[in-house]
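Open the model in your viewer and keep the sequence panel beside it. We will go from stop to stop, selecting a few residues each time.

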Amino acid sequence: MTATTAVADPSPALHRDRRFRTFWIGETVSQFGDRISELALPLIAVSLLAATPVQVSVLTALIWLPNLLGLFLGAWVDQRTHKRRLLIIADLVRAAVLFSLPVAYLFDAITLAQLYLVALLTGLGAVLFAMARQAFFVALVPRSAYVDANSKLSMSRSLSFIAGPAVGGGLVQALSAPVAILVDAVSFLGSALLLRRIPVTESPPPPRHTSTLGLVREGLVLVLRHPVLRAALGCTSTVNFFTFIATALLVLYASRDLDLSAGAIGIAFGFGALGGLAGAGLAPRISRSIGLGRTAMIGAVLFPAPLALTALVTGPTWTKVAMLAAIELVSSIGVMLMDVNLNALLTAVTPEEALGRRAGAYSAVNYGIRPIGALVGGALGTTIGLRPTLAIAGLGGVLAVLWLVASPVRHIRTLDDQTA
């Protein structure tokens, strides 16, 4: 299987395409809401429920645990014609689940069990959305514009990481963490309304010749046997395992060890996310200059390596905030250089009729490794301390690039490269 199915037309001006623009706005609104919840959920556990490092890591793990169901959801989604309807359902479910937290807070009834359930159900909604999004993306975006479209979507994600944590930190301090989560619930409602306005022709799936389990097997075989998909999966799974060792503990570390307020944490993460905006904008240009594969390899190193420096953060409050911001800045550039190019490559080499089950098999491993990393982070943080654990996370994540070095990905310059 190659990445060349036809001679690609010049990339269209996507920002002038009303359908893509509406989808882009919906994604942007939802991403901004997510940044608030990502800060508020662990802060609820830490500040209101006095959670331990292990309990915080379990919370992070539960958000990603439903990705293990991606194997079956992806195969099931491939057999559905109306992918947009599934996207809307996923948004509405997450909005309803998140809305339960501010309601429970008003009655002074929030428990750790409810927090765990919210994390699990919002994670399940995210998996359903991700599985249907693959096919919906292909229906909206021509092949020649995959890198450009991923760049634009990643820029929105980066913008949300810039403003989201700062706004989230302010909302948490002004309104409390549970009430701030209401903003994320409203963002999912906005995303659902925008998706409903996108006219799209969705082709029915091809006749089904095998069972759901057979489709699941096809997805796994495709991912594990295809040299590009296998290398990308090995790279992203390795980096996700190690970075989630850090992710599970970073808010706890900043709050307790560094004694930073929610507002200070939000400012540090928000400023650091400027790197993501820069990385998303630069990714297409750098890949055109040095090649898609090499750009992804650079990103696979720049993403995790700076996290090791988190263990060295010390000094007065302004120094701590500045150091965290600088670390996040470089790391955010790296993750975008890796993600924008690898995501475009994954879409290009996957047969259109297998997008869902490929995404399911890929996500089951790639995202399924995240809760394991989070739990390992909690265990290491408890036994050897937070600073040594963060150093291990950063240094271990650099190993991810070896998967790309030993694969055809390092020779791929464009999506039309025959080696893809």
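Helices (H or I, at least four residues) and strands (E, at least two) are DSSP runs, numbered from the N terminus. This is a predicted model, where local features need pLDDT of at least 70 and side-chain atom pairs count only at pLDDT 80 or more, while totals for chains, interfaces and linings use all residues. Residues are numbered from 1 along each chain as its sequence is written, and side-chain values use heavy atoms, with hydrogens and water left out.

**Stop 1: helix α1**

Select residues 18–48, which form helix α1. The helix has 31 residues and reaches 44 Å from its first C-alpha to its last. That is close to the 45 Å expected at 1.5 Å a residue. The expected span is 1.5 Å times one less than the number of residues. Now pick Ala-50, which follows α1. Its phi is positive, near 50 degrees.

**Stop 2: aromatic pairs**

Stay in α1 and show Phe-20 and Trp-24. Rings of Phe, Tyr and Trp (its six-membered ring) pair if their centres lie within 6.5 Å; planes under 30 degrees apart count as stacked, over 60 as edge-to-face and the rest as tilted. The whole structure holds 3 such pairs. In the pair of Phe-20 and Trp-24, the ring centres are 6.0 Å apart and the planes sit at 35 degrees, so the pair is tilted. The two residues are 4 residues apart, about one helical turn. An α-helix has 3.6 residues a turn, so residues three or four places apart point the same way.

Is Phe-20 buried or exposed? Buried means under 20% relative accessible area, exposed over 50%, and partly exposed in between (1.4 Å probe, protein chains only). Phe-20 has 0% relative accessibility, so it counts as buried.

Next, select Phe-241 and Phe-242. Their ring centres are 5.1 Å apart and their planes are at 85 degrees, so this pair is edge-to-face. Phe-242 is buried, at 17% relative accessible area.

**Stop 3: salt bridges**

A salt bridge is a side-chain nitrogen of Lys or Arg within 4 Å of a carboxyl oxygen of Asp or Glu. How many does the structure hold? There are 2.

Show Arg-133 and Glu-27, whose side chains meet at 3.2 Å, N to O. Arg-133 lies in helix α5 (residues 112–140) and Glu-27 in helix α1, so the pair ties together parts that are 106 residues apart in sequence. Both residues are buried.

Move to Arg-94 and Asp-91, where the closest N and O atoms are 2.9 Å apart. These two are 3 residues apart in helix α4 (residues 83–106), about one helical turn. Arg-94 is buried at 8%, and Asp-91 is buried at 0%.

**Stop 4: a lysine without a partner**

Select Lys-320, in helix α13. Lys-320 is buried yet has no salt bridge. Which side chain of opposite charge is nearest? It is Asp-259, 6.1 Å away. Lys and Arg count as positive and Asp and Glu as negative; His and the chain ends are not counted. Contact means heavy atoms within 4.5 Å. Leaving out residues up to four places away in sequence, Lys-320 touches Leu-258, Leu-260, Val-313, Thr-314 and Gly-315.

Click on Asp-259 itself, in the loop between α9 and α10 (262–272). Asp-259 is exposed, at 61%. Its phi is positive, about 60 degrees, although it is not a glycine.

**Stop 5: the nonpolar cores**

A nonpolar core is a set of buried Ala, Val, Leu, Ile, Met, Phe, Trp, Tyr and Cys residues joined through side-chain atoms within 4.5 Å. The largest has 70 residues. Among those touching the most other members are Phe-136, Tyr-146 and Leu-404. Helix α13 (residues 317–349) gives the most to this core, with 11 residues. A second, separate core of 56 residues includes Ala-95, Leu-98, Phe-242 and Leu-252.

Zoom in on Leu-404. Leaving aside neighbours within four places in sequence, its contacts include Ala-231, Cys-235, Met-297 and Val-409.

**Stop 6: helix α14**

Finish with residues 355–366, helix α14. Of its 12 residues, 11 are buried, so α14 is largely enclosed by the rest of the structure. Among the buried ones are Arg-357, Arg-358 and Tyr-362.
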